[in-house]
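I opened this notebook to record what I looked up in one protein model. The entries follow the order in which I consulted it.

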Amino acid sequence: MPADVGSGLASNQTPGLVCAHHHLYSALARGMPAPPRTPSGFVEILEMVWWRLDRALDLESIRWSAMLGALEAPERGCTAVIDHHESPHANAGSLRVMARSCAEAGARVSRAAGVEFSVVCGPCYLGIPREMREAEVSIENGVMPQPGT
């Protein structure tokens, strides 16, 4: 039997990895149709792929993509995920939905709401401050949503 090295791990074990930048909703891109033409650079990739997906997200798709990412992370050695989330049409409640899905799957997650460059000056921006306040309150109160809450 391997000796204990003081961290609760045996000498032949390593602690879980942390995925320090994830987009859990990217799991949904696996089934997306290809863009109408090949993007010629990073901005076109954002416009033709990622921003299209961002705008199509709703709370149900956020729930299931977070669940899938949380279930896949341990298969790759990650026991914690830091997610950078963008959903301009489903901001209200999205971070809470992700936290619940990840907790239900048994994964630790730290969430961050992004401000999508394509909509910073548009009407979608109006939902972001509320979501950021929601995340801030969760952090201040040390809230870790439990499955089913």
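The entries below go from the basis of the model to its elements, sheet and surface.

Basis. I note that this is a predicted model, in which local features need pLDDT of at least 70 and side-chain atom pairs count only at pLDDT 80 or more, while totals for chains, interfaces and linings use all residues. Residues are numbered from 1 along each chain as its sequence is written, and side-chain values use heavy atoms, without hydrogens and water.

Elements. I found four helices and three strands, taken as DSSP runs (helices H or I, at least four residues; strands E, at least two) and numbered from the N terminus. Their order from the N terminus is β-α-α-β-α-β-α.

Sheet. I looked up the strand order and read β1-β2-β3, an open sheet with parallel pairing; strands pair if DSSP finds at least two bridges between them. At the edges I found β1 (17-22) and β3 (108-113), each pairing on one side only. Between β1 and β2 (residues 78-85) I recorded four bridges. Histidine 22 has aspartate 83 in β2 as its bridge partner.

Surface. I read that 36% of the 149 residues are buried, that is, under 20% relative accessible area (1.4 Å probe, protein chains only).

Charge and ring. Which ring does the charged end of arginine 63 sit over? I found the ring of tryptophan 64, with its centre 4.4 Å away; the rule asks for NZ of Lys or CZ of Arg within 6 Å of the ring centre and within 35 degrees of the ring normal.

Terms used. Buried < 20%, exposed > 50% of the residue type's maximum accessible area, 1.4 Å probe, protein only.
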